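Here are a few notes to read alongside the coordinates.

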Amino acid sequence: MSEKKASVDWTIGRLLTFVLLIIVLVLVIYGISTKGLNPLFERLGGMFDSVLILLHVKDDGFENDNCYVEKVSVLSDGDILLGNLYLNEAEKEKIELNVCRDSVCAIKGSEELGEYRFNKGVFEKKKGEEWGVYLFSIRDINVFKEDLEKLSLEEFKIKYDVDRTRQFVLTRSNILAIAVWSSGTWVVKDKDKIVYSGSSDDEALESFKELVNGPKIFGSWFSSFVYYGILDANDRDYFKVASVETGISNLVGDDGVNGFLDTEEDMINLKSEFSKIKESLLDEINFDKEDFQEIYNAHLIKNFIISKCG
Amino acid sequence: MKSKKGELTTNELLEIILVVAGIVLLAVFFYSLVSPMWDKGDETSKAYLESLMSQIETADDGGVGEFFIWPIESNEGDPVGYYLVYFGDKLSISFAEERSFVSGGDNKNYVCICSSSEEVEICNACKDLKFPVILSGESYIGKGEKIAITKMEDYYEFKRV
């Protein structure tokens, strides 16, 4: 049996085709290595994208030809924003940045996070169907976050004075001695002199008791009538506490109904009653940790939008 | 010629490659022919961008580049004006009340030639620069404005002249 060899049946035509192919390949390799073909590739890429956009296969990123919409996760520094937000991972993936030709820049996409935007230089949050100005600002975002994780809710509220309670006021009839509790802090004054300032209920009430009782004359306290009241956070009209005659005996169940704050029993009752009032006043502040996390999120979003939209 | 096993011969393979290349070329030419490719606003923007890039090359070589937006009066339907807009890593630059240039992409050291009509601003000719730009005042340069481009250590200075 004769041995068969595989052979190419070369003709001039085939040879020329082969040579041309090699030349084309050499030119392409040279073009790629010297980056000389980059403009051509870019142009072809642009044309290809245009065809895809024309055929609605690819999105040009513009919504209604007015807003450029992009997932925050793919934007530069987007991962930093998402990493810091108080939000679950699935929701983070939904967040989009809308950059519009009418100068409005908005963060949308996550129902849990809510919608925020910069509109004519004003930072706004969407509440229901309405946009409202978002005024809360944070001086130092890092300290705020540390405090949020470190402090108790009450301590946090006091430090940031974000939502003050109504005031609990104790006063002498002539208001020369006054003790005011607000948002966890007491200020006790003798005329204009502060005799106590701090958060200890015991110390504040005891120092007030000293102001309204004394000195002892012939073995008895020279006591003053004491009144109490609850005023709005910004109300400074302490005279009305004394004038409406809400005597302290109404609060402490005074033994002699004398309107004085002069016995140990009065003080025990006062402290007990005040702790209930304090609890209810603090409850009136609706902010909880999640609200503060929202404030923190809003601050991060505000800075992110500023960094992306000029 | 087919091999006995039904496999492609070298000859057939070459023909297929050439045919595919021809089809791709034809498709590109056909698209160029039928698509509304030529747009005066786009082409002018691209020309401005090419001019800017050549001036930046001059700056890269140690010289001082110059760039100028011509104060051309527009015809009806043409863009009202052209602007050199430096986005940097922003996605939009405020232009007028309730009007912004939008880059339409997340980039770095991004510069665009944008056209502005009575209704809208469009930025179609854009490029990422090697270095950031320092441009005092507004982040855009408009009709009749001229800038000198200088390459500093790690940035370009665009100075209005």
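1. Let me begin with the fold of chain B. Read along the sequence, its elements follow the pattern α-α-β-β-β-β-β-β-β-β-β-β, which amounts to 2 helices and 10 strands. Please keep in mind throughout that this is a predicted model.

2. The chain has 161 residues, and 30% of them are buried. Of the contacts in chain B between residues at least 6 apart in sequence, 50% join residues at least 24 apart.

3. Now for a sheet in chain B. An open sheet is formed by 4 strands in the order E6-E5-E2-E8 of chain B, with antiparallel pairing. Its edge strands are E6 (121-128) and E8 (140-141) of chain B, each of which pairs on one side only. Strand E2 (residues 81-88) and strand E5 (residues 110-116) of chain B are joined in the antiparallel sense by 7 bridges. As background, strands of a sheet pair through backbone hydrogen bonds, either parallel or antiparallel.

4. Which strands does helix H2 of chain B lie across? This helix (residues 40-60) lies across E2, E5 and E6 of chain B, and runs at about 30° to E6(B). One residue to check in helix H2 of chain B is B:Ala47. B:Ala47 counts as partly exposed because it has 13 C-beta neighbours inside 10 Å.

5. Next, the contact between the two chains. Chain A contributes 21 residues and chain B contributes 19 residues. On the side of chain A that touches chain B, the elements giving two or more residues are helix H1 (12-33), helix H2 (38-54) and strand E2 (67-71) of chain A. H1(A) supplies the largest share of that side, 4 residues. By class, the side of chain A that touches chain B has 11 nonpolar, 5 polar and 5 charged residues.

6. Chain A also has a helix pair worth a look. The axes of H7 (residues 201-212) and H10 (residues 264-284) of chain A come within 11 Å and cross at roughly 135°. H7(A) is therefore oblique to H10(A), and the crossing is right-handed. From H7(A), the contact uses A:Asp201, A:Asp202, A:Leu205 and A:Lys209, while H10(A) provides A:Met267, A:Leu270, A:Lys271 and A:Phe274. Sorted by class, this contact has 4 nonpolar, no polar and 4 charged residues.

7. Finally, two backbone angles to inspect. Most residues other than glycine have a negative phi, and most peptide bonds are trans. A:Asp77 is not a glycine, yet has a positive phi of about 70°. A:Asp77 sits in the loop between E2 and helix H3 (78-84) of chain A, and is partly exposed, with 14 other C-beta atoms within 10 Å. A:Ser183 also has a positive phi, near 50°. A:Ser183 belongs to the loop between strand E9 (177-182) and strand E10 (185-190) of chain A. Is A:Ser183 buried or partly exposed? A:Ser183 counts as partly exposed, since 19 C-beta neighbours lie inside 10 Å and a buried residue would need 20 or more.

Terms used: Residues are numbered from 1 along each chain as its sequence is written. Chains are lettered from A and ligands numbered from 1 in the order in which they are written. This is a predicted model: local features need pLDDT of at least 70, side-chain atom pairs count only at pLDDT 80 or more; totals for chains, interfaces and linings use all residues. Axes are lines fitted to C-alpha atoms, for helices over the stretch in contact, and angles run from 0 to 180 degrees between N-to-C directions. Angles under 35 degrees count as roughly parallel, over 145 as roughly antiparallel, 65 to 115 as roughly perpendicular and the rest as oblique. A crossing is left-handed if the near helix is turned anticlockwise from the far one by less than a right angle, and right-handed if clockwise. Two residues are in contact if their C-beta atoms, placed from the backbone, lie within 7 Å. Ala, Val, Leu, Ile, Met, Phe, Trp, Tyr, Cys and Pro count as nonpolar, Asp, Glu, Lys and Arg as charged, and the others, Gly among them, as polar. A residue is buried if 20 or more other C-beta atoms lie within 10 Å of its own, exposed if 12 or fewer, and partly exposed in between; C-beta atoms are placed from the backbone. Two strands pair if DSSP finds at least two bridges between them.
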